[in-house]
Amino acid sequence: MDHEPADQYRPGPPPSLPSAEWARDFNEIKDFGGKLSVARTPEQADAARFWAFTGAATWNPIVRRLAAAQKLSLFDNAKLFAEVHVAVAEAYIAVFDAKYHYNFWQPITAIRNGDRDHNDGRTRDPAWLPLIDAPMHPEYPCAHCITASAVAAVLKSRFGSGEVGTISITSPTAPGVTRTWRRIADYVEEVSNARVWGGVHYRTSTVVGQRMGAEIGRLVVARFARPAD
């Protein structure tokens with residue numbers, strides 16, 4: 001595959017702090033993502049804790065289950081996993097390029113210092129904590145969202161966008177909880193929602209991450225479809 005610059009997929013900036021969009025994102029995560037939230041439902045809290053688990057161990061079981069259900073050949077199975085992991089590698093490069101380019105503040109910092117953003121549409125909470133631990137890197141865009149969306153784009157190219165049967169997985173960060181979906185898109189949406197409910201990503205960041213991941217996944221699939229030189 002051709003080498004691409006790290007900023008090839010870099011999105012536009014996060015919402016400006018005086019904007020209505022920023023006030024919306026701020027208030028949503030403040031209300032639904034806090035450790036002491038009364039707006040978040042128990043099921044949403046379970047999903048947030050479930051998706052505190054990240055990395056290949058979160059998507060490989062999904063890929064394996066779909067591949068096994070379709071009884072793919074050894075070649076097709078290897079190709080599918082190669083496409084997934086190339087897409088994820090590209091997604092990580094793109095998302096961390098964007099994160100450190102924009103260096104946008106995490107919700108815990110923004111909410112505790114909400115009097116510094118010159119926006120009258122929200123109020124600070126100096127004691128606010130997220131439900132799950134904040135990642136140790138800039139917030140924008142959502143890394144978990146971009147990887148889930150990149151994986152999903154590859155899987156949709158193989159299995160379609162409709163129902164694919166029951167997909168169930170567990171997580172060490174939410175013992176006793178099993179998450180189940182019938183469509184690949186539902187997995188991506190749950191990951192994005194969970195990052196808001198967990199108090200670590202704003203809504204705009206999840207939307208941008210999904211869009212980046214989908215673009216990367218489709219491009220990787222197209223490149224794998226090229227005839228070999």
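User: Leaving aside its neighbours within four places in sequence, which residues is Leu-155 in contact with?

Analyst: First, the source. This is a predicted model, with residues numbered from 1 along each chain as its sequence is written. Local features need pLDDT of at least 70, side-chain atom pairs count only at pLDDT 80 or more, totals for chains, interfaces and linings use all residues, and side-chain values use heavy atoms, with hydrogens and water left out. Now the term: contact means heavy atoms within 4.5 Å. Beyond those sequence neighbours, Leu-155 touches Ile-62, Val-63, Leu-66, Leu-80, Gly-160 and Ile-184.

User: How do I read a nonpolar core, and which residues have the most contacts inside the largest one?

Analyst: In soluble globular proteins, nonpolar side chains tend to be buried together. A nonpolar core is a set of buried Ala, Val, Leu, Ile, Met, Phe, Trp, Tyr and Cys residues joined through side-chain atoms within 4.5 Å. Buried means under 20% relative accessible area, exposed over 50%, and partly exposed in between, using a 1.4 Å probe and protein chains only. Here the largest core has 58 residues. Those with the most contacts inside it are Trp-51, Ile-62, Leu-66, Leu-80, Val-84, Leu-155 and Tyr-187. Helix H6 (residues 143-159) gives the most to this core, with nine residues.

User: What is a helix here, and what span should H7 have?

Analyst: Helices (H or I, at least four residues) and strands (E, at least two) are DSSP runs, numbered from the N terminus. The expected span of a helix is 1.5 Å times one less than its number of residues. Helix H7 (residues 184-197) has 14 residues and should span 20 Å. Its end C-alpha atoms are 20 Å apart, which agrees.

User: Is H7 largely enclosed or open?

Analyst: Look at burial. 12 of the 14 residues of H7 are buried, so this helix is largely enclosed by the rest of the structure. Among them are Ile-184, Tyr-187, Glu-190, Arg-195 and Trp-197. H7 is followed by Gly-199, whose phi is positive, near 85°.

User: Which residues have a positive phi although they are not glycines?

Analyst: Lys-71 has a positive phi of about 50° and is not a glycine. Lys-71 lies in the loop between helix H3 (56-70) and helix H4 (74-102). Its relative accessibility is 71%, so Lys-71 counts as exposed. Asn-103 also has a positive phi of about 50° without being a glycine. Its place is in the loop between H4 and H5. Asn-103 is exposed, at 55% relative accessible area.

User: Which peptide bond is cis?

Analyst: The bond from Tyr-140 to Pro-141, with omega near -5°. Pro-141 sits in the loop between helix H5 (107-112) and H6.

User: How many aromatic pairs does the structure hold?

Analyst: Rings of Phe, Tyr and Trp (its six-membered ring) pair if their centres lie within 6.5 Å. Planes under 30 degrees apart count as stacked, over 60 as edge-to-face, and the rest as tilted. The structure holds 12 such pairs. One of them is Phe-96 with Tyr-100, which is stacked: 6.4 Å centre to centre, 25° between the planes.

User: How many residues apart are Phe-96 and Tyr-100 in helix H4?

Analyst: An α-helix has 3.6 residues a turn, so residues three or four places apart point the same way. Phe-96 and Tyr-100 are four residues apart in helix H4, so about one helical turn separates them. Phe-96 is partly exposed, at 30% relative accessible area. Tyr-100 is exposed, at 51%.

User: Which residues do ring pairs link into a cluster?

Analyst: The cluster joins Trp-22, Phe-26, Phe-104, Trp-105 and Tyr-202.
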